[in-house]
Amino acid sequence: MNNIILEKIARLFLRVIAVMSVLLLLRGHNSPGGGFIAGIVLATGFIYYGIIFGSDRIQTIIYFNTRIWMGIGLGLVLIAAVMPVFAGHEPLTGLWYIGEWPLVGTMHLGTPLIFDTGIFIGVTGLILSIIITIMEVLKWNT
Amino acid sequence: MILFALLLIPFSFLMLSLLIKKAGIKQRLALLFATFNFLWALALVPAVKFREIIVVQMGSWSAPYGISLVADRFSVLMLVVAAFVFFLTTIYSTQSVDKARRKNGHFFFSFGILMGVNGSFMAGDLFNLYVWFEVMLMSSFILVSLGGERQQLEGSVKYLILNLISSLFFVAGIGLLYGKLGSLNLADLSLKMASASDNLALLNPALILIFVGFSIKGALFPFFFWLPASYHTPPPAVTALFAGLLTKVGIYSLIRFYTLFLYYDHGFWNPVVLWAGGLSMVIGVIAASSQYDFRKILSFHIISQVGYVVVALGFFTVAGLTAALFFLVHNMLAKTNAFLVAGWVHRERGTLNLKVLGDLFNKSPIWGILFFISAFSLAGLPPLSGFFGKYLVLKAGIEADQVFITLVALFVGFFTLFSMVKIWMEVFWKKAPENIAQLAPVELKPANWMLFSSVVMALAIVAMGLWAAPIVEYCQLAAEDLLTPSKYIDYVLGYH
């Protein structure tokens with residue numbers, strides 16, 4: 001399928017949605033949003049891209065296999081869960097670093113952000129692995 | 001952290017097996033993590049002796065609001081035995097499960113089950129119990145259907161649908177209970193129920209829904225249909241794992257639930273539990289005696305054995321609960337080992353139909369003896385663990401003045417013996433039938449690791465019979481803890 005308008009829109013759409021999902025991820029701690037929903041939003045962008053360009057192109061963009069991405073996501077969750085133990089708290093307790101940064105001013109960084117990023121990557125990887133498998137079974141690309 | 005590690009170990013394995021591609025390395029990692037999990041669970045035994053009830057509040061949120069992991073003596077007992085069973089079945093499945101299945105995530109999903117089982121044994125609140133049940137259910141569903149044989153898919157559809165119904169009941173009950181009492185923490189709920197003691201009938205709809213959910217999970221009469229319909233379809237190593245872990249989690253939750261909530265309305269619940277247990281006992285054993293498939297007989301026996309535990313719970317004395325715990329442990333070991341032997345028979349002959357099998361004792365006396373040990377332990381012959389299990393149940397029954405149900409239990413014991421003798425005669429003792437075309441003998445690699453895990457399990461069964469006293473003593477302490485829920489409440493809510 002060669003439709004230049006659709007292809008341009010799909011590329012643009014993926015970028016907009018990627019920025020949007022990161023925004024959702026970052027605002028998630030205190031406002032609606034968070035890792036899970038951000039992951040789903042990012043995955044919809046990829047799915048739209050995949051419907052137009054085929055699943056091989058998704059695979060080239062995300063570089064690693066989706067399995068690896070899920071593993072990385074779980075790894076980040078694991079790190080966020082265990083890190084407080086070494087600081088002498090119960091597991092999963094939030095550790096916060098409050099610092100002054102140029103441009104953005106005061107920013108709270110903590111283990112919940114790592115946890116959410118892990119969820120974000122894991123959920124995106126999971127949905128993409130399902131979609132890519134379905135596309136391969138349906139022979140979407142050919 | 002000490003409890004959290006038991007969730008962390010399977011979780012790390014899941015993470016690593018996603019990142020690593022090579023099947024050989026994954027298998028070694030699986031063995032390593034299973035060993036580690038077992039050792040960690042063992043380390044909890046002295047810890048619980050010292051601290052009585054270990055409580056960990058996730059994320060430092062205190063008890064009624066946060067998520068608590070709780071392990072008293074009962075939980076630790078179950079964790080240790082489950083870890084032991086898991087360790088041995090993992091070793092066993094390196095040789096028993098075929099290569100394609102091992103490559104496509106057999107270990108991945110069995111660790112998913114381990115994570116669910118560990119989580120539900122430690123869950124301190126009702127909703128997390130539900131979540132861990134789901135983790136377990138999803139992994140076990142994939143394990144049942146992994147491989148995609150026709151028979152497997154048929155079994156897994158029944159398994160999935162009936163278990164989803166059980167989850168539906170369970171979560172609906174949780175919703176109602178939360179609406180009425182406004183809490184999900186087990187200890188907090190129990191406390192609130194104690195103060196609402198004149199309106200307990202209002203809670204019964206919720207409690208009945210949850211009870212039905214647990215009964216389906218634990219395969220009690222009349223909700224056991226999914227078990228014999230699905231357990232004979234996956235590879236034998238998977239069945240052994242399921243037999244050792246899955247139904248027992250349902251029974252664990254039932255015991256926990258009964259000792260924390262249901263006993264407030266003892267007059268209503270005690271007959272329900274006794275009848276459910278008694279009927280499971282009888283119907284399981286009678287249904288088993290009409291089957292002609294090795295694994296189907298054993299599957300029906302799971303129902304009957306679970307009935308013993310529930311009946312012993314229904315006596316609701318220290319002796320009764322001691323018997324229930326001892327019997328649960330015995331059953332996890334003996335049942336798993338019986339399925340392990342079934343796995344060997346399946347590997348040798350490619351079938352588990354009793355009519356076709358025969359003469360296997362001559363082929364390998366060791367496996368014959370291993371089956372003898374586990375089968376006659378299930379039937380309750382004296383030096384083995386089953387004898388003490390049954391003896392304790394019967395003794396507790398007579399002491400609790402439940403003579404009728406005790407006599408039923410005794411009578412069920414004879415039928416169990418009958419079924420076990422039937423398998424023994426048909427599979428190991430009789431001459432191989434001549435008029436049925438035997439499969440050409442296949443050259444198989446020696447099954448050393450399968451033999452190893454079965455031997456260890458059999459030794460554990462014998463040891464549990466010979467050194468029953470310390471285990472009974474431990475079970476008695478656990479039972480005393482279970483019968484004083486105020487202790488549990490104090491520890492979890494931090495009054496202690």
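Which residues in helix 3 of chain B meet residues in helix 20 of chain B? In this predicted model, B:Arg73, B:Phe74 and B:Leu77 are the residues of helix 3 of chain B that do so. Their partners in helix 20 of chain B are B:Tyr474, B:Leu477, B:Ala478, B:Asp481 and B:Leu482. By class, this contact between helix 3 and helix 20 of chain B has six nonpolar residues, two charged residues and no polar residues.

Two packed helices are described by the angle between their axes and the distance between the axes. Helix 3 of chain B covers residues 73-96, and helix 20 of chain B covers residues 468-483. The two pack at an angle of about 135°, and their axes lie 8 Å apart.

**Chain B as a whole**

| Property of chain B | Value |
|---|---|
| Helices | 21 helices |
| Strands | two strands |
| Box filled by the C-alpha atoms, along the principal axes | roughly 70 × 55 × 40 Å |
| Buried residues | 57% of the 496 residues |
| Radius of gyration | 22 Å |

A compact globule with 496 residues would have a radius of gyration near 23 Å, and the 22 Å of chain B agrees with this. Among the contacts in chain B with a separation of 6 or more, 80% are accounted for by residues 24 or more positions apart.

**The contact between chain B and chain A**

Across the two chains, 14 residues of chain B are in contact with 14 residues of chain A. On the side of chain B that touches chain A, helix 1 (5-19) and strand 1 (54-57) of chain B each supply at least two residues. Helix 1 of chain B gives the most to this side, with seven residues. The residues on this side of chain B divide into ten nonpolar and four polar, with no charged residues.

**A residue of chain A**

A:His108 is found in strand 2 of chain A, which spans residues 105-110. Leaving aside residues up to four places away in sequence, A:His108 touches A:Trp96 and A:Ile98. A:His108 and A:Ile98 are ten residues apart in sequence, and their C-alpha atoms are 4.6 Å apart in space.

Technical notes:
Residues are numbered from 1 along each chain as its sequence is written. Chains are lettered from A and ligands numbered from 1 in the order in which they are written. This is a predicted model: local features need pLDDT of at least 70, side-chain atom pairs count only at pLDDT 80 or more; totals for chains, interfaces and linings use all residues. Two residues are in contact if their C-beta atoms, placed from the backbone, lie within 7 Å. Helices (H or I, at least four residues) and strands (E, at least two) are DSSP runs, numbered from the N terminus. Ala, Val, Leu, Ile, Met, Phe, Trp, Tyr, Cys and Pro count as nonpolar, Asp, Glu, Lys and Arg as charged, and the others, Gly among them, as polar. Axes are lines fitted to C-alpha atoms, for helices over the stretch in contact, and angles run from 0 to 180 degrees between N-to-C directions. The radius of gyration is taken over C-alpha atoms; the globule rule is 2.2 Å times the number of residues to the power 0.38. A residue is buried if 20 or more other C-beta atoms lie within 10 Å of its own, exposed if 12 or fewer, and partly exposed in between; C-beta atoms are placed from the backbone.
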